[in-house]
Amino acid sequence: MAVYTHVSAEALAAFLLRFDVGELVSVKGIAEGVENSNYFVETTAARFVLTLYEKRVAAGDLPFFLDLLDHVAARGVAAPPAVADREGRVIHELEGRPACLIRFLPGVSVSHPTPAQARAAGAALGGLHRALADFAGARPNDLGLDAWAPLLARCGDALDGIEPGLHAELGRALAAVTAAWPQGGDRGVIHADLFPDNVLMLGDRVTGLIDFYFACTDLRLYDLAVTHTAWCFDAHGERFDTGVGDALLAGYAESYGLTDDDRAALPVLARGACIRFALTRGWDWLNTPADALVTRKDPLAYVRRLHHYERENLF
Ligand SMILES: Nc1ncnc2c1ncn2[C@@H]1O[C@H](COP(=O)(O)OP(=O)(O)OP(=O)(O)O)[C@@H](O)[C@H]1O
Ligand SMILES: N[C@@H](CCO)C(=O)O
């Protein structure tokens with residue numbers, strides 16, 4: 001579930017009066033997502049998503065995220081900008097939380113992407129990178145390479161309760177990745193979490209890129225590596241789909257370009273991405289009660305992906 005903060009109908013109707021968006025017709029909590037509270041809101045004029053930012057999104061980062069959405073939406077990326085109220089404000093407070101009214105985008109997230117859908121997603125990521133090339137904002141990646149060793153230490157030996165030897169295994173993998181990490185390379189603002197659940201599609205067409213709340217400044221190709229880890233395996237990380245992987249890269253190459261040097265950098269970046277998600281999932285696994293309403297994501301599904309990238313070059 002992802003409705004942590006309840007918004008009463010009265011509070012919502014009063015909130016909407018600040019905007020030029022007609023009157024409230026219906027509201028419904030959105031079950032998907034784990035970070036924020038989200039509601040579908042329908043008014044007499046249009047449909048919106050109301051997001052109340054919970055503890056993982058720092059209020060101080062909101063201007064960066066909202067500027068980013070505006071910037072890329074203005075350049076034709078299907079990303080949902082926040083709606084300004086009559087006084088031009090986009091960040092509000094509702095039920096004690098920072099809140100934004102976001103434009104609704106059509107489409108659904110696919111669970112088992114086909115090559116055609118992966119190609120479209122790769123092209124959309126390339127389009128996003130083109131649109132971000134002249135974006136002036138910056139935000140450090142607090143879940144980037146430098147954060148992984150401290151996070152591994154914070155998880156500690158408790159990781160071995162998930163799978164015996166996991167702490168040492170991730171330590172070894174991290175040492176190898178750190179030693180091989182690219183020294184240079186094109187940096188910029190990236191999405192950093194473009195999983196299939198953050199891409200809305202109708203058929204083979206991308207209709208929306210959402211959930212930019214991990215966006216940060218890092219190596220541009222790390223974004224493609226993250227996307228590759230998220231799109232090209234079954235949910236357990238057991239089976240790599242070559243057709244989907246090739247299509248994702250082809251879509252990106254058509255849209256942004258992909259040199260031989262880029263391809264050569266991707267394997268280590270993908271191993272790093274696997275460590276990132278194994279660690280954040282591991283941390284959540286160890287710190288979320290098993291009976292919590294939020295579904296915990298399996299860290300081992302990312303350890304299995306890591307093994308694939310360690311065994312062979314998938315690029
Ligand atoms: N602009 C939008 N238009 C249409 N649907 C949206 C929009 N934004 C979010 N959604 C819907 O709300 C769901 C949750 O949104 P989102 O992924 O941003 O939540 P979150 O709690 O921040 O996420 P996560 O757990 O993925 O980090 C999405 O899966 C999608 O169904
Ligand atoms: N997309 C991430 C959650 C947000 O970082 C995961 O699947 O682990």
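Q: In the hairpin of β4 and β5, which residue takes a positive phi?
A: E95 does, with phi near 50°. That hairpin has two residues between its strands. This is a predicted model, where local features need pLDDT of at least 70, side-chain atom pairs count only at pLDDT 80 or more, and totals for chains, interfaces and linings use all residues. Residues are numbered from 1 along each chain as its sequence is written, while chains are lettered from A and ligands numbered from 1 in the order in which they are written.

Q: In the hairpin of β7 and β8, which residue takes a positive phi?
A: G203 does, near 60°. Two residues lie between the strands there too. β7 covers residues 199-202 and β8 covers 205-209. They pair in the antiparallel sense over four bridges. L202 has R205 of β8 as its bridge partner.

Q: How many residues lie between β2 and β3 in their hairpin?
A: Three. β2 (37-43) and β3 (47-52) pair in the antiparallel sense over six bridges. Find Y39, and look across to L50 in β3.

Q: In what order do the five strands of the open sheet stand?
A: The order is β1-β2-β3-β5-β4, with antiparallel pairing. β1 (24-29) and β4 (92-94) are the edge strands. Each has a single partner strand, so one side of each lacks a neighbour in the sheet. Neighbouring strands are turned by 35° against each other on average, direction ignored. For angles, axes are lines fitted to C-alpha atoms (for helices, over the stretch in contact), and values run from 0 to 180 degrees between N-to-C directions.

Q: Which helix packs on the sheet?
A: Helix α1, residues 9-16. It touches β1, β2 and β4. Its direction makes about 125° with that of β1. Contact has a cut-off: the C-beta atoms of two residues, placed from the backbone, lie within 7 Å.

Q: Which residues stand opposite each other in the other strand pairs?
A: Take β1 and β2, which pair in the antiparallel sense over five bridges. V27 stands opposite V41 in β2. Next take β3 and β5 (97-103), also antiparallel over five bridges. There L52 stands opposite A99 in β5. Keep a general rule in mind: in a regular strand, side chains alternate between the two faces of the sheet.

Q: At what angle do α3 and α7 pack?
A: About 35°, with the axes 7 Å apart. α3 covers residues 115-132 and α7 covers 242-255. Residues in the contact include A118, L125 and G126 of α3, and V244, L248 and Y252 of α7. By class, the contact has 13 nonpolar, six polar and two charged residues. Ala, Val, Leu, Ile, Met, Phe, Trp, Tyr, Cys and Pro count as nonpolar; Asp, Glu, Lys and Arg as charged; the others, Gly among them, as polar.

Q: Which residues are around ligand 2?
A: D193, F195, F214, F277, T280, R281 and K297. A residue is near a molecule if its C-beta atom, placed from the backbone, lies within 6 Å of it. This shell divides into three nonpolar, one polar and three charged residues.

Technical notes
Two strands pair if DSSP finds at least two bridges between them.
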